[in-house]
Amino acid sequence: MQVTVDVIGEGSETVTVDDPDYGDLLAAVDLSPHEASVFVDGQPKPADGTVTEAEVEVVRLVRGG
């Protein structure tokens with residue numbers, strides 16, 4: 001499945017993952033559920049939820065310092 005992951009303020013990337021959950025999408029763009037959250041239509045999604053959308057937004061909650 002191809003999914004466009006839009007990391008707010010950092011750009012978009014299209015990733016290909018088989019039978020993904022939202023945690024898999026975060027891992028595909030080098031993020032973890034501890035530092036970012038996935039949103040679909042403005043609603044947060046759990047890391048273990050099954051992806052059915054072709055596009056998601058990601059908000060980074062933690063950034064290195």
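This note sets out numbered points on a predicted model of a protein.

1. **Confidence of the model.** The structure is a predicted one. Its mean pLDDT is 93, and 95% of the residues reach 70 or more. Among the elements of the protein, the lowest mean pLDDT, 95, belongs to helix 1 (residues 22-28), and the highest, 97, to strand 3 (residues 36-40).

2. **The nonpolar core.** The largest nonpolar core holds 16 residues. Within this core, the residues that touch the most other members are V5, Y22, L25, L31, V56 and V58. At least two core residues come from each of strand 1 (2-7), helix 1, strand 3 and strand 5.

3. **Contacts of V56.** V56 is one of the core residues named above. Leaving out residues up to four places away in sequence, V56 touches V3, T4, V5, D6, Y22, L25, V38, F39 and V40. Two of the residues in that list, Y22 and L25, are also named among the core members that touch the most others.

4. **D6 in strand 1.** D6 is found in strand 1. With residues up to four places away in sequence not counted, D6 touches G11, S12, V56, E57 and V58. By contrast, the C-alpha atoms of D6 and G49 are separated by 18 Å, and these two residues are 43 places apart along the chain.

5. **E53, a buried acidic residue.** Where does E53 lie? E53 is placed in the loop between strand 4 (43-45) and strand 5 (55-60). The residue is buried, yet E53 has no salt bridge. The nearest side chain of opposite charge is that of K45, at 4.8 Å.

6. **Polar partners of E53.** Which side chains make polar contacts with the side chain of E53? One is the side chain of Y22, at 2.7 Å. Another is the side chain of T52, at 3.1 Å. Not counting residues up to four places away in sequence, E53 touches M1, V3, Y22 and V40.

7. **Salt bridges.** How many salt bridges does a search of the whole structure find? The search finds two. In one, R60 pairs with E10, and the closest N and O atoms are 3.4 Å apart. R60 lies in strand 5 and E10 in the loop between strand 1 and strand 2 (11-16), so this pair ties together parts that are 50 residues apart in sequence. Another salt bridge joins E35 to R60, with the closest N and O atoms 3.5 Å apart. This pair also links distant parts of the chain, for E35 is in the loop between helix 1 and strand 3, R60 is in strand 5, and 25 residues separate them.

8. **The network around R60.** E10, E35 and R60 are linked in a network of salt bridges. In general, side chains of opposite charge can pair when their charged atoms come close. R60 is partly exposed, with a relative accessible area of 27%. E10 also counts as partly exposed, at 39% relative accessibility.

9. **A28 in helix 1.** A28 is placed in helix 1. Apart from neighbours within four places in sequence, A28 is in contact with E13, V15 and V17. The C-alpha atoms of A28 and E13 are separated by 9.4 Å, and the two residues are 15 places apart along the chain.

10. Phi of D19 is near 45°, a positive value in a residue other than glycine. D19 lies in the loop between strand 2 and helix 1, and D19 is exposed, with a relative accessible area of 70%. Phi of D41 is near 50°, again a positive value in a residue other than glycine. D41 lies in the loop between strand 3 and strand 4, and its relative accessible area of 76% makes D41 exposed.

Key:
Residues numbered from 1 in each chain as written. Predicted model: local features only at pLDDT ≥ 70, side-chain atom pairs only at ≥ 80, totals over all residues. Heavy atoms only, no water. Helix = DSSP H or I, 4+ residues; strand = E, 2+ residues; numbered from the N terminus. Buried < 20%, exposed > 50% of the residue type's maximum accessible area, 1.4 Å probe, protein only. Lys, Arg positive; Asp, Glu negative; His and termini not counted. Salt bridge = Lys/Arg side-chain N within 4 Å of Asp/Glu carboxyl O. Polar contact = N/O pair within 3.5 Å; in protein donor to acceptor, adjacent residues only side chain to side chain. Contact = heavy atoms within 4.5 Å. pLDDT = per-residue confidence, 0-100. Core = buried A, V, L, I, M, F, W, Y, C linked by side-chain atoms within 4.5 Å.
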